[in-house]
Structures are given as structure tokens and as C-alpha cells.
Amino acid sequence: QVQLVESGGGLVQAGGSLRLSCTASGRTSGRTFSSYAVGWFRQAPGKEREFVAALRWDGGNTYYAEFADSVQGRFILSRDNSINTVYLQMNSLKPEDTADYYCAADRSFTVIRTWSTGRSLEVWGQGTLVTVSS
């Protein structure tokens, strides 16, 4: 069973940056972590969890990523398959980015990208809180 652990959350002023990490550990049932698509989601107080960004590795140095419109151009995804970690670099943060941020992994990029409340993904992390002050 794969486990995901997020880290890197904290308090930052508007306009600042944070880098979140999502690190996988545990057994992967014969599949490497690099074969999983990884997504980031967030949930603000009183709101539903929403998609933020997703990344898959297409082999070699080729990656494919998609972002929610609200973070496009400000957030960047990267992954280091050697340490089973995916990073979410968050720049130009706004108070409305305040939320609990969760990473999730699934063998299907499409499933991650089209996720909505009530649908399942293979594994979720427990989240890390990001607070952006104005």
C-alpha cells in the first residue's frame, strides 16, 4: 500500500512563495511511483475540495501537467522520481489560496484531472495547511 505524505505548508504573506512536497512510501504492488499520476487538490474552510494541478511522467525528461485556471501561471509542478517526490511550487500567493492542500496518486491522469467530490482516487495524503495573509 502506497502512502503519501505532504509537507511544506505554512504561513506566508500575499505575494510570497511556498513549495509543497508530496513523498510516497510503502509497497506499490509491483508498480513504480513514477508510473502514477499525481495531483494536488485544496480545500478551503467551508468549501468543497477542488483540483489544483496534476502531473504525469511520460518517460525520459518528458512530463505533462495541467493546472486549474485559478493557479495557472503561478504554480509549477515537478517531480523527482529518484526520491518518489512531487513538488508544487506556489508563487505570487493570494489570500484566496489559503486552504488545506492534499496530494493524491492514481494510475490514471484522466481520473485525477477529472476528479470531483465523491469520486475515488487510489491514494490520498493527509494534507498540509497553507495560510496566505493579506
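**View 1. A salt bridge between aspartate 97 and arginine 74 in the predicted model.** The side chains of aspartate 97 and arginine 74 meet in a salt bridge with an N to O distance of 2.8 Å, where a salt bridge is a side-chain nitrogen of Lys or Arg within 4 Å of a carboxyl oxygen of Asp or Glu. Aspartate 97 lies in the loop between β8 (85–90) and β9 (99–106), and arginine 74 in the loop between β6 and β7, so the pair ties together parts that are 23 residues apart in sequence; helices (H or I, at least four residues) and strands (E, at least two) are DSSP runs, numbered from the N terminus. Aspartate 97 is buried at a relative accessible area of 1%, and arginine 74 is buried as well, at 10% (buried means under 20% relative accessible area, exposed over 50%, and partly exposed in between, with a 1.4 Å probe and protein chains only). Through shared partners, salt bridges join Arg42, Glu50, Arg74 and Asp97 into one network. This is a predicted model, in which local features need pLDDT of at least 70 and side-chain atom pairs count only at pLDDT 80 or more, while totals for chains, interfaces and linings use all residues. Residues are numbered from 1 along each chain as its sequence is written, and side-chain values use heavy atoms, with hydrogens and water left out.

**View 2. The salt bridges of glutamate 50 with arginine 42 and of glutamate 66 with arginine 113.** In the salt bridge between glutamate 50 and arginine 42, the closest N and O atoms are 2.7 Å apart. Glutamate 50 is partly exposed, with 36% relative accessibility, whereas arginine 42 is buried, with a relative accessible area of 6%. Glutamate 66 and arginine 113 meet through their side chains at 2.6 Å, N to O. This pair links distant parts of the chain, since glutamate 66 belongs to strand β6 (residues 62–67) and arginine 113 to helix α1 (residues 109–113), 47 residues apart. By the salt-bridge rule, the count comes to six.

View 3. Arginine 79 has its place in strand β7 (residues 75–80). The side chain of arginine 79 reaches the backbone oxygen of tyrosine 36 at 3.0 Å. Arginine 79 also lies over the face of phenylalanine 33, at 5.2 Å from the ring centre; a charge sits over a ring if NZ of Lys or CZ of Arg is within 6 Å of the ring centre and within 35 degrees of the ring normal.

**View 4. Aromatic pairs, with phenylalanine 41 and tryptophan 115 among them.** Rings of Phe, Tyr and Trp (its six-membered ring) pair if their centres lie within 6.5 Å, and planes under 30 degrees apart count as stacked, over 60 as edge-to-face and the rest as tilted. By this rule the count comes to six aromatic pairs. Phenylalanine 33 and tyrosine 36 are stacked, at 6.3 Å centre to centre and with 25 degrees between the planes. The rings of phenylalanine 41 and tryptophan 115 have their centres 5.1 Å apart and their planes at 70 degrees, so this pair is edge-to-face. Both phenylalanine 41 and tryptophan 115 are buried.

Terms used:
A polar contact is a pair of N or O atoms within 3.5 Å; within protein, one must be able to donate a hydrogen and the other to accept it, and residues adjacent in sequence count only if both atoms are side-chain atoms.
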